[in-house]
Amino acid sequence: MSNTNAALLQDITITGGMTPGFDAILSPKALDFVAQLHRRFNLSRLNLLAERAQRQRQLDAGEDPDFAQKSADIRAADWKVRPAPNDLLDRRVEITGPVDRKMIINALNSGAKCFMADFEDASSPYWKNMVQGQVNLRDANARKIDYVDETRGKAYALNADPAVLIVRPRGWHMVEAHMQVDGEAVSASLFDFGLYLFHNHQALQAQDSGPYFYLPKLENAAEARLWNMVILHAQSLLGLPIGTVRVTVLIETIMASFEIDEILYALRDHIVGLNCGRWDYIFSYIKRFARRADRILPERANVTMTSPFMRAYSRLVIETCHKRGAHAIGGMAAQIPIKGDEKANEAAFAKVRADKEREVKDGHDGTWVAHPGMVALAMEVFDAHMPLANQIERLNGYCASAKALLTPSAGEITEAGVCTNIEVGILYLASWLRGQGAVPIHNLMEDAATAEISRAQLWQWRVHGAKMQSGIMIDAPYLQEQFARILARLKVVTGAKDWQQSRIDDAAKIMRDLVFVDDFEEFLTIPAYELIK
């Protein structure tokens, strides 16, 4: 190692394995870039996470969120965000998925306008997944990505006109345990963001594109301001003009829905839009009001985007975005094509069509799908109702009240709903522990957000003794009985030969711990990460 490299790597430690190609991504200069971001901003990150915990204690005590008076002037003022770059003007259909090589190629070739490559909820954060994902994205931006599926004898290569690439780093709450700076695990957000920006900004600018990001799980404008400071400093270190990095923020927490204007304002030189991350939003609602008996939600199937509090949030995002010159992107349709069952497949496509028609008619400028097979349908719906690149000029005059955002939806809880939560949680976590973060279960694409809903609902129902439609109370003995029954059935279905490799036992233990613990765990990925890091 040269003296220069040794100086760059001072007090930087990599404990993850190094497979071929990793050395180029984890170069001394790239690691030093990430380390500079971490040293400058990690204390602020930790302070903001502590503020989340303090805010949770206030909510537990019965305080409700509201639109803050201290930032009323921002909401009242006349301002707009920086206009979007040309290749982000039309975002009518976006596909999402993990950062594995085959998925990246298929998503970029899917016909969607954009592809959100996800280091977060759709990826299991094994070291090899995170670093190989950076390799794959670098190759995609260099137009050198290919893949051969040896078992199927099929080769994959990039088309001439791929979708625009947007990258979602992990949230502020996660660390990358395999990189330590000054003896401290580096922020996973800064690791994912820093490596991607460092290695790809030149190739992207050469293609008249840029480094584009989705920012997840923000709770408030202060967390958005931290991201803005990170972006400004990163651009300065690389000699890039302000506004080179462009971001879309997911409004996927109940707290963020009260600071939409403020979040846009904090990132106004870099933000191009907001996204209605519906599944995480439902989880966030349950989490923040988990100890409130007056805020219990019905089973997941009964909490849809037509539920009044979800519709209020979606319409507020649209109105605020358009007022500020930003895109409002709709949420994920979890349905996927169903092979071998024509009736079920027709029903799945009908649900997606209805969902996308509601979004575009409400004023959304684009939407998300989870499977390439749904791209054409979503595109057809938006083409029919949105002839221009977007409908940012459209204002509906909508104004949401705090009550509208906070009043829980009506609906029942059934034994089937309870058992679905248990089974989905276990099966998803087992897959996550095996290294796969986006999983088809019962003909729906599940990721960490839907697993979070499953365990959060079970915890809240147990704590408050919620009653099912049948009148049976959901208490600890009842849930233990259902866990045992479902686990026994999964053992039979999986078979003794594959049981240990399935990680279902490990997943069931995590689910049980999360459901029966006294204090609600902020994110399931935090304890689960201990088993894979």
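Strand β7 (residues 175-181) is joined to β8 by 4 bridges, and the two run antiparallel. Two strands pair if DSSP finds at least two bridges between them. Valine 181 stands opposite glutamate 184 in β8. Helix α7 (residues 188-206) packs on the sheet and touches β7 and β8. The direction of α7 makes about 55° with that of β8.

This is a predicted model: local features need pLDDT of at least 70, side-chain atom pairs count only at pLDDT 80 or more, and totals for chains, interfaces and linings use all residues. Residues are numbered from 1 along each chain as its sequence is written, and side-chain values use heavy atoms, without hydrogens and water.

The open sheet has 3 strands in the order β1-β7-β8, with antiparallel pairing. β1 (12-14) and β8 (184-187) stand at the edges with a single partner strand each, so one side of each has no neighbour in the sheet.

Now the helices. Helices (H or I, at least four residues) and strands (E, at least two) are DSSP runs, numbered from the N terminus.

| Helix | Residues | Contact residues include |
|---|---|---|
| α10 | 278-288 | Trp279, Phe283 |
| α16 | 448-464 | Ile453, Gln460 |

α10 and α16 pack at about 25°, with axes 8 Å apart. Axes are lines fitted to C-alpha atoms, for helices over the stretch in contact, and angles run from 0 to 180 degrees between N-to-C directions. The two helices are therefore roughly parallel (angles under 35 degrees). Contact means heavy atoms within 4.5 Å.

Terms used: Parallel < 35°, antiparallel > 145°, perpendicular 65-115°, else oblique.
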